[in-house]
Amino acid sequence: MGIVEARGLTRVYDGLVAVDHIDLDVEEGEIFGFLGPNGAGKTTTIKMLTTLLRPTEGEARICGYDVIRQPSQVRRVIGVVFQDPALDDRLTGWENLDFHARLYGLGKREREERIEEVLRLVDLSEWADELVENYSGGMRRRLEIARGLIHWPKVLFLDEPTLGLDVQTRRAIWEYILALNKREGVTVFLTTHYMEEADYLSHRVAIIDHGRILAVDEPRNLKDMIGGDVVIVGCSDPRPLAEELRRQSWVKGVEAHGGELSIYVDHGEKKIPEIIMVAERLGVSVDSVLLRKPTLEDVYLRFTGRRIREEAADAVEKMRNRAMRRWRR
Amino acid sequence: MNSAEIQAIYVMWLRHVKRFVRARSRLIANVIQPFFFLAFLGMGLRPINFPGLPSGLVYLDFLTPGMIAMSVIFSSMFAGLSVIWDRQFGFLKETLIAPVSRISIVIGKTLGGSTVALIQGIVILIAGMLLGARISIPGTIPAFIFMLLIAFFAVGLGLSIAVTLKDPDVFSLIMNLLMMPLIFLSTAFFPLESVSDWLRTIMYLNPLTYLVDGLRGFLIGSSSIPLVVDLSVALGLCASTTVLGAYMFSRSEA
Ligand SMILES: Nc1ncnc2c1ncn2[C@@H]1O[C@H](COP(=O)(O)OP(=O)(O)OP(=O)(O)O)[C@@H](O)[C@H]1O
Ligand SMILES: [Mg+2]
């Protein structure tokens, strides 16, 4: 039984099927990536799993508690970092955490110790007494992650945790996520539309598009599904080598372009020595070897027939930022 | 009710009050308008004798309770606005997802909004006294309680309106288009006895009339309507909007 479990989970917004009969089984302790483009239904799924939205159909359980019938038990065992910021700008970082700790019923001593601890985890101890309105985007994100952890949740939901952050800050957040998964042992359910993010962080990835889950597996298995890796070999005499390689059972295909061979194999890194051995046997000297791994982008392309819409994502981000600025006081 | 719920009420209250204390410009803006009315209308119209003004009292004495009621009502209703802001800034989700009952959250918000409103009402009271309004000192104690009733009513009303809205501008519009006329037609500015019959009928239908009149009864010892009636209406209004606000809020989605 998974720590997060969904069966036929569905949400319809007046006629629009945002989430379409999805099944999920997230195992305790893993980082589960939920990868999909804008409008795929990631946030809607998180909102249903975190009791903020009623499913139209289907059911879901967190730690065995039913999200529809036992919402308060579910709320007690989850931490959530929403896609849009959910901090109080007029309070300090510490006060935001203290507010949360009290809402979750922590005692005074417990509260102080735990707030110190989570602030240290995201390197914000020195900023604790600063008003959140003076925080940068990355600091806000970190503070929200820290807040999500305060009450020792079993599952931490992160909805696009690095959306709108620069590359460096994004990397830093990744390290925090890995650290908290390891140190706190908390299961992480993370949505993203960044390929590298899903790839780097997740033990397993589910690819979602138009509300449907297209594939669930470890990133490397997903990539292997593509038909393995490409080993590009530069050599003095490609023709006999190509012919010999085509006869090997573990080679899926060979293409020659000038002095280079593109060799399609599974688990490329293990096949490089064999390729070299074949070349040596034929007396062909190898000048260079390049291993190209397929990316999740290739996997996504394979399943959906299109590239993930990063440009569209950026447009949405800009709109959101503009809307936020408009409401700022 | 267990300690977790009580702590939730406390923390909702604490946040409201903290935000208020930090937003000094808001405090000044909220207090300045009734203060100007008191200073300019109250002082300017001092020599005029309104029909219906109890003997021995001047216009400033009459106006001060009205302005207190007005500032309490407005500042309480802004507790509703804070829900819209919270929704706009996403903070509402943080409270909706907490493992405490929505009722506790509403109670905390109501107490927070009322505390702030009471403080503003007291500021206006002191301002009125400094300008020379004659206030019954023993009357201030029941008046504070009455101010709290007014605050509960207005917070509940504000919350009920706010949870149905997404746009803070619409809320401000409602405040100006609905609440301002109601305040003007509530005896806050002129006595029931000084107006024509049809206007008086409208004022009798306006629930705010009873709130303003009751407060005046306690503060200056003279009301146009029996205090028992004012008090009963206030209690009824307060109970109904509080329940309505709690109900509306408990059903809201982030
Ligand atoms: N409250 C709503 N009412 C109507 N339609 C909605 C609502 N919320 C989301 N949708 C629609 O449901 C679909 C899924 O939206 P959702 O926000 O779950 O996507 P997402 O994967 O989180 O995308 P994003 O990357 O933009 O956050 C979209 O087509 C969206 O327009
Ligand atoms: Mg989303």
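Visitor: Which residues coordinate the magnesium ion (ligand 2)?

Guide: In this predicted model, the magnesium ion (ligand 2) is coordinated by T43(A) through OG1 and by Q83(A) through OE1, at 1.8 to 2.0 Å. Donors here are N, O and S atoms within 2.8 Å of the metal (3.2 Å for Na, K and Ca), and water is not among the atoms, so sites may look incomplete.

Visitor: And where do T43(A) and Q83(A) lie?

Guide: T43(A) lies in helix α1 (residues 42-49) of chain A and Q83(A) in the loop between β6 (78-81) and α3 (93-103) of chain A, so the pair ties together parts that are 40 residues apart in sequence. Helices (H or I, at least four residues) and strands (E, at least two) are DSSP runs, numbered from the N terminus.

Visitor: Is Q83(A) buried or exposed?

Guide: Q83(A) is buried, with a relative accessible area of 12%, whereas T43(A), at 24% relative accessibility, counts as partly exposed. Buried means under 20% relative accessible area, exposed over 50%, and partly exposed in between, with a 1.4 Å probe and protein chains only.

Visitor: What does T45(A) touch?

Guide: Leaving aside residues up to four places away in sequence, T45(A) touches V19(A), I22(A), L24(A), F34(A) and I208(A), where contact means heavy atoms within 4.5 Å. T45(A) is found in helix α1 of chain A and is buried, with a relative accessible area of 0%.

Visitor: Changing topic, at what angle do α3(A) and α1(B) pack?

Guide: α3(A) and helix α1 (residues 3-22) of chain B pack at about 160 degrees, with their axes 8 Å apart, and are therefore roughly antiparallel to each other. Axes are lines fitted to C-alpha atoms, for helices over the stretch in contact, and angles run from 0 to 180 degrees between N-to-C directions. Angles under 35 degrees count as roughly parallel, over 145 as roughly antiparallel, 65 to 115 as roughly perpendicular and the rest as oblique.

Visitor: Which residues of α3(A) meet α1(B)?

Guide: E95(A), F99(A), R102(A) and L103(A) do, and their partners in α1(B) include Q7(B), Y10(B) and R15(B).

Visitor: How are α5(B) and α6(B) packed?

Guide: Helix α5 (residues 102-131) and helix α6 (residues 140-163) of chain B pack at about 130 degrees, with their axes 8 Å apart, which makes α5(B) oblique to α6(B).

Notes: Residues numbered from 1 in each chain as written. Chains lettered and ligands numbered in written order. Predicted model: local features only at pLDDT ≥ 70, side-chain atom pairs only at ≥ 80, totals over all residues. Heavy atoms only, no water.
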